[in-house]
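Visitor: I would like to know what each label rests on. Please set every value against its cut-off.

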Amino acid sequence: MHHSHSLRSAVLVASIAAMAVPVAAQTIKDLPTVVVTGNPLGSDLSDLVSPVSIMDGNDLTLRGASTLGETVGTLPGVSSTWFGPNSSRPVIRGLDGDRVRILSNGGATVDASSLSFDHAVTTDPLVIERVEVVRGPAALMYGGNAVGGVVNTLDNRIPQGAMSGASGRLDGVIGGADSTRAVAGRAEYGANGFNLHVDGFSRRTSDLRIPRSSGASRLRNSAAESEGGGIGFSLAGDKGYVGASYGLYDTLYGTVAEPSITIDMRSERWDLAGEARDLGGFITGMKFRAGHTDYKHVELDDGAPETRFFNKGTDFRVEASHAPIGAFRGVFGVQLDSSDFSALGAEAFVPSTSTDTRALFVFEETKIGDLKLTFGGRIERAKVSTDGGGPDDANNPGTPRFDPSQERRFTARSAAFGAIYPLNDVFSVASQLAHTERAPTFYELFANGPHAATGNYELGNTALDTEKSNSIDLQLRVKSGEHSGSVGVFHSRFNNYIALSGSGRNREEDGLIDPAGELPEFTYNAVPARFTGVEAQAHLLLCRCAGELHLDLQADMVRASNRDTGEPLPRIAPMRALAALNWHRDRLQLRLEAQGVRRQDRIDSDGTPTAGYTLVNAFASYGFSAGGLGWEAWLRGNNLFDTEARNHVSFLKTIAPLPGRSVMAGLRMNF
C-alpha cells in the first residue's frame, strides 16, 4: 500500500516527535468538560435528558480497538456489527446501519460503512481524544438517521480555546490477538490566540488469533495496514474561534468473508468551523461547521481491481442561540447535507445515486422550580435520485438492471419532549418522549444485485415511505459521594420499520430467479416493529485500603419483534452483564473484569441460536516521570481463558469468532 501515503503519515508523526521537548509555560486548554453531543446549549452529564456515555483518557486506553465499533461496543446499550477486526460499526439498542449517526467533531462522516458490513468506518481510535455516545433518538439535532443514537468522535483538530505553549503525546502499542504494531501521536502549540494541532498514526496487524476450539488458530484474511492523520489551526479568543483542518485516513485490509478480497480505502476530509459568543442583542451566539469528504475504496480480488466505490459529500450546519424569551432559552438552526455515491464493477449492487437533505430545527429548554424541561422540532426534506444503469464512460459499460433513472422525495418531521427532576440530593429522574421520521436510504430504495459480503441478492423497494417511530425513555439516576449509577427502560414503536429479510426465493448472480440459484433473495420491506430494553450501570467505592477499590457493574437487554407476527427481528444482541474491580494507588492502576453474554435463542425464521459466553480481562498501568516528561506504561490481557465467543449481531458469526487470548502492551509519553 501506498508509499506516498506512508510518507505523508510519517511526516506527521515525525513532526510530533520533533516537538517532543520540554517547553516553558506548557499549558493547554483541554476539550470541554461539558457534553457537546445531544444538547446544543452544552450540559454536564447529569443535566442531559438522553442517556450519554463518554470515553476518554484511560477509558480509550482500556477499550481502544482497531475499529470504532469494537471500541464502544461494551458500553451500556451498545454492541457492534463485528465483520472481523477491520470493519465493525456501532449498534445502539438493536438499531444499526443508517439508524445510528456517526459524527466527527459534530460533523457528518461520509463513507460506505452503512451500505455494507465489510466497509470500515473512516476513524481510527488511535487519534481520538474523546467519544460521546447518545443512546436513543437524537433526531432533533442530527436528523432521522439518529433514531437509534449518535456516536461522536472528537479529536480537537480545530482547537476551540486559546492555548499557550506546546504539549502533546506519543503512543506505542504492540501485541494483541491481531499482533498490532502501532505508533500514534499528537502535538499542539498556541501563542497569542493562534493554535496549531497535528496528529498522525500508523497501525499494522496480522491475521487475528482466535480460540483453537473454533477449529482454527487464525482468522484468515484479517490482516490490515492503516495510517493517517490530520492538521488543523484556529484563531481563538474569549468570544469565539474560527479554524480549519484537513484529515486523511488510508487503509488496506482483508474482508474475512472472502479469502481473496481486500479493500484499499482512502478518505480525505476538509473542515471549517467557528463560533461567536456574547454577541448581545436577540442572537447571543452563533456556531457553524462545514465539511467536505472525498471517499473512495477499491475491492481487490487477488490484487486485481474488481469494484470501485466513491462517495463525495458536503455538510453544512449553522445554529444560533437566542436571548431568553421569558423563561425559555434555546437555539435554532439549518443543516444541509449532500452526497454523490457510485459503485462501478462486478459487485456493484446499487446504482449511482445523489442524496440531498435540507433541515430546519429548534431546541428549547426551561426550568420550573427544580424541574428542567426540554423540547424541540425538526423538519427535513430529502431527495434521493439515481443515474440509472447506462454507461458512465468507456471503462464502465453500464448495468441495465439499474435502468431507468429514478427519484424519490421525502419530508420527515421529528419532535421530542424531555424532563429532568431531582427527587432529592441523591436521586433524580429523566424522561424523554420522541417522534422520529427517517427518509429511506438509497440502498433501501434502489439496491438490485448480488451482495458478496452477505452472500445474498438484495432488492430495494422504491415504494418505501418515511419510516416513523414513537419512543419513550425513562431513567432513574443516583449520585452519592463516590457512588453513582442509573437504571433505565426504553420502548420504541415503529409503524413501518424498514427491514431486510429473506423472501424465500433464490437468484443467480445475473438476477434471474432460479429455485436452484446460489443466492437467497433478501428484500427491503416495511414492517410494524417494537424495541424494548433495560440498561443499568453502577460505580461504587468499596473501600480505601492501601489505595481505592471500586466496583463497576453494568447490564443491558433489548428485545425487538415484528408487531404483526410476534417474530423476533434478526441479529439483536442478547442480554449482557459486566462486573469489574478497579484498584488504584497514586500512579498504579489494576483492573479485573468479567463480561457475561447470555445465549440468544430469540431468532427469526432465517436465524440460528448463538451460545452464551463469559470473557475475563485484566488491565494494569503505571505512570512515572523521566527526563522531564510524563510516561505511562500499560498492559492489557483479553479473553484470558481463551473462550470461544461469537457475536450474535454479526453476519459472520459462524466463520468469525471473537478474538482469542491475547496480551497487549503500550507506552505513552506526555509532554
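Guide: Two strands count as paired if DSSP finds at least two bridges between them. Strands themselves are DSSP runs of E with at least two residues, helices are runs of H or I with at least four, and both are numbered from the N terminus. The model is predicted: local features need pLDDT of at least 70 and side-chain atom pairs count only at pLDDT 80 or more, while totals for chains, interfaces and linings use all residues. Residues are numbered from 1 along each chain as its sequence is written, and side-chain values use heavy atoms, with hydrogens and water left out.

Visitor: What makes β15 and β16 a pair, and in which sense do they run?

Guide: DSSP gives 16 bridges between β15 and β16, and at least two are required, so the label applies. The two strands run antiparallel. Aspartate 271 stands opposite glycine 291 in β16. β15 and β16 also form a hairpin with 6 residues between them, and aspartate 278 in that turn has a positive phi of about 55°.

Visitor: Which strands does β25 pair with?

Guide: β25 (residues 467-480) is joined to β22 (residues 427-438) by 12 antiparallel bridges. Alanine 434 has serine 471 of β25 as its bridge partner. β25 also pairs with β26 (residues 483-507), antiparallel, over 12 bridges, and leucine 474 stands opposite valine 489 there. β25 and β26 form a hairpin with 2 residues between them, where glycine 481 has a positive phi of about 60°.

Visitor: Why do β1 and β5 count as edges of their sheet?

Guide: The open sheet has 5 strands in the order β1-β6-β7-β4-β5, with mixed pairing. β1 (52-56) and β5 stand at the edges because each has a single partner strand, which leaves one side of each without a neighbour in the sheet. For β5, strand β4 (residues 100-104) pairs with it antiparallel over 2 bridges, so the cut-off of at least two is just reached. Serine 104 stands opposite glycine 107 in β5.

Visitor: Why is glutamate 129 called buried?

Guide: Buried means under 20% relative accessible area, exposed means over 50%, and partly exposed is in between (1.4 Å probe, protein chains only). Glutamate 129 has 14%, so it is buried. It sits in the loop between β5 (107-108) and β6 (130-135).

Visitor: What joins the side chains of glutamate 129 and arginine 169?

Guide: A polar contact of 3.3 Å. The term requires a pair of N or O atoms within 3.5 Å; within protein one must be able to donate a hydrogen and the other to accept it, and residues adjacent in sequence count only if both atoms are side-chain atoms.

Visitor: Is glutamine 554 buried or exposed?

Guide: Glutamine 554, in strand β28 (residues 548-562), has 19% relative accessibility and therefore counts as buried. Its side chain reaches the backbone oxygen of threonine 74 at 2.5 Å. Contact means heavy atoms within 4.5 Å; glutamine 554 touches several residues on that basis, among them Leu75, Ala536 and Arg576, not counting residues up to four places away in sequence.

Visitor: Why does phenylalanine 288 count as partly exposed?

Guide: Phenylalanine 288 has 30% relative accessibility, so it counts as partly exposed. The residue lies in strand β16 (residues 283-301).
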